[in-house]
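I opened the model today to look up a few helices and strands. My notes follow the order in which I checked them.

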Amino acid sequence: MSRADSAVRQPSIPFGHDGRSKPLIPGFAPYYGTVLGDAYLADSCRVMSGIPDGTVNAVVTSPPYALHFKKEYGNADKQDYVGWFLPFAKQIFRVLTDDGSLVLNIGGSYNPGLPTRSLYHFKLLVALVEEVGFHLAQECFWYNPAKMPMPAEWVTVRRIRVKDAVEYVWWLSKTPWPKANNRGVLRPYSKDMERLNQKGLQKTTRPSGHNIKPSFSKVSPGGSIPPNLIEDETPDDLLRFGNNSANDVYTERCKAAGIKIHPARFPAALPEFFIKLITDNDDLVLDPFAGSNTSGAVAERLGRRWIAVEREEEYLRASQFRFEEPLLPPSALTSPQ
Ligand SMILES: C[S@@+](CC[C@H](N)C(=O)[O-])C[C@H]1O[C@@H](n2cnc3c(N)ncnc32)[C@H](O)[C@@H]1O
């Protein structure tokens, strides 16, 4: 893969094509820019060193995991993972505002040659809290039923493990009181909840000892409070703009241009959930391991400023497709006879 550094390159699309005259990071030339954000082709530790203290509201990112089978963009080994990640974590901590959050998507992994799981992502979590100073706001999960049944040896051949369908999302904050508002991520009520609301509840005590009052079943305006499990497609997203529309445009354009699709994207629903939960309009969102820049594209759509950093030029070049209009379907290109 070709690695380059936009600090010494001309951007392929001039940044600030909306009229913004300055890049978001002083002294670094972005590879491309949009109305609200800049994408940098560089090592993110180096680029983050140019971001002033306490100026980023949220970091939403997915670093290379410590996988046994390496991805083409390179992954640190499990035993070295915490040491590899800490310099990035210290920069992230420094650039976050006091009410800012780090949302870290990280996948689990098996120990080589054994049907047992590695603890590397838990060790990372402990180090982020105990060594860097983060607080664990909440542990969340990305439910991804499309994951492959791996390792085949344990799951499909010997049949001694089940299919993995979640990834971890550590929501960490700089102080115990990060900015957050779950009204930003409410979902439509289920039919059952609406029926319950109409019927009402009797005062009762659950076997767990929890007292249920009649007011418990009253729906609050706006929708139901979601759980800490983020799914690829929530009805709310689909109604608004089709959750994976960002990924669809991107993959369509990559295929049409014969460009490699990023092999480890997260769904738009993941950054969307957290950007709505922990940021406001015009806040600044950073993704230091941007890949195909899913986070930047979602931030732009939601009216947040963004900074993306990726060190592989091929990925960053293709990520520009996310900021273009969708391709018209073939039927729209043929004029009616
Ligand atoms: C798991 S992928 C992120 C995918 C992204 N969330 C998306 O939806 O496309 C991790 C990315 O981090 C990039 N990366 C690894 N080390 C980096 C570094 N030091 N600076 C910038 N990018 C880096 C890799 O090239 C890879 O594209």
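**Entry 1: the model.** I am working from a predicted model, not an experimental one.

**Entry 2: α8 and α9.** I started with helix α8, residues 269-278, and helix α9, residues 294-301. Their axes come within 9 Å and cross at roughly 45°. The crossing is right-handed. Which residues make the contact? From α8 I noted P271, E272 and I275. From α9 I noted T294, S295, V298 and A299. I sorted the residues of this contact by type: four are nonpolar, two are polar and one is charged.

**Entry 3: cover of α9.** I then asked how many of the eight residues of α9 are buried. The count is seven, and the helix is mostly covered. The buried residues are T294, S295, G296, A297, V298, A299 and E300. Just after α9 I found G303 with a positive phi of about 80°.

**Entry 4: α5.** Next I checked helix α5, residues 191-199. Just after α5, G200 takes a positive phi of about 80°.

**Entry 5: strands around β5.** I moved on to strand β5, residues 135-143. It pairs with strand β6, residues 166-173, in the antiparallel sense over eight bridges. Within that pairing I marked L136, which stands opposite L172 in β6. β5 also pairs with strand β9, residues 229-231. Here the sense is parallel, over three bridges. I marked F141 opposite L229 in β9. A reminder to myself: side chains in a regular strand alternate between the two faces of the sheet.

**Entry 6: H121.** Last, I looked up H121, which lies in helix α3, residues 120-132. Why does H121 count as buried? The cut-off is 20 or more other C-beta atoms within 10 Å. H121 has 21 C-beta neighbours inside 10 Å, so it counts as buried. Leaving out residues up to four places away in sequence, I listed its contacts as I106, G108 and Y168. I also checked A66, which is 55 residues from H121 along the chain. The C-alpha atoms of H121 and A66 are separated by 8.5 Å.

How values were computed:
Residues are numbered from 1 along each chain as its sequence is written. This is a predicted model: local features need pLDDT of at least 70, side-chain atom pairs count only at pLDDT 80 or more; totals for chains, interfaces and linings use all residues. Axes are lines fitted to C-alpha atoms, for helices over the stretch in contact, and angles run from 0 to 180 degrees between N-to-C directions. Helices (H or I, at least four residues) and strands (E, at least two) are DSSP runs, numbered from the N terminus. A crossing is left-handed if the near helix is turned anticlockwise from the far one by less than a right angle, and right-handed if clockwise. Two residues are in contact if their C-beta atoms, placed from the backbone, lie within 7 Å. Ala, Val, Leu, Ile, Met, Phe, Trp, Tyr, Cys and Pro count as nonpolar, Asp, Glu, Lys and Arg as charged, and the others, Gly among them, as polar. Two strands pair if DSSP finds at least two bridges between them. A residue is buried if 20 or more other C-beta atoms lie within 10 Å of its own, exposed if 12 or fewer, and partly exposed in between; C-beta atoms are placed from the backbone.
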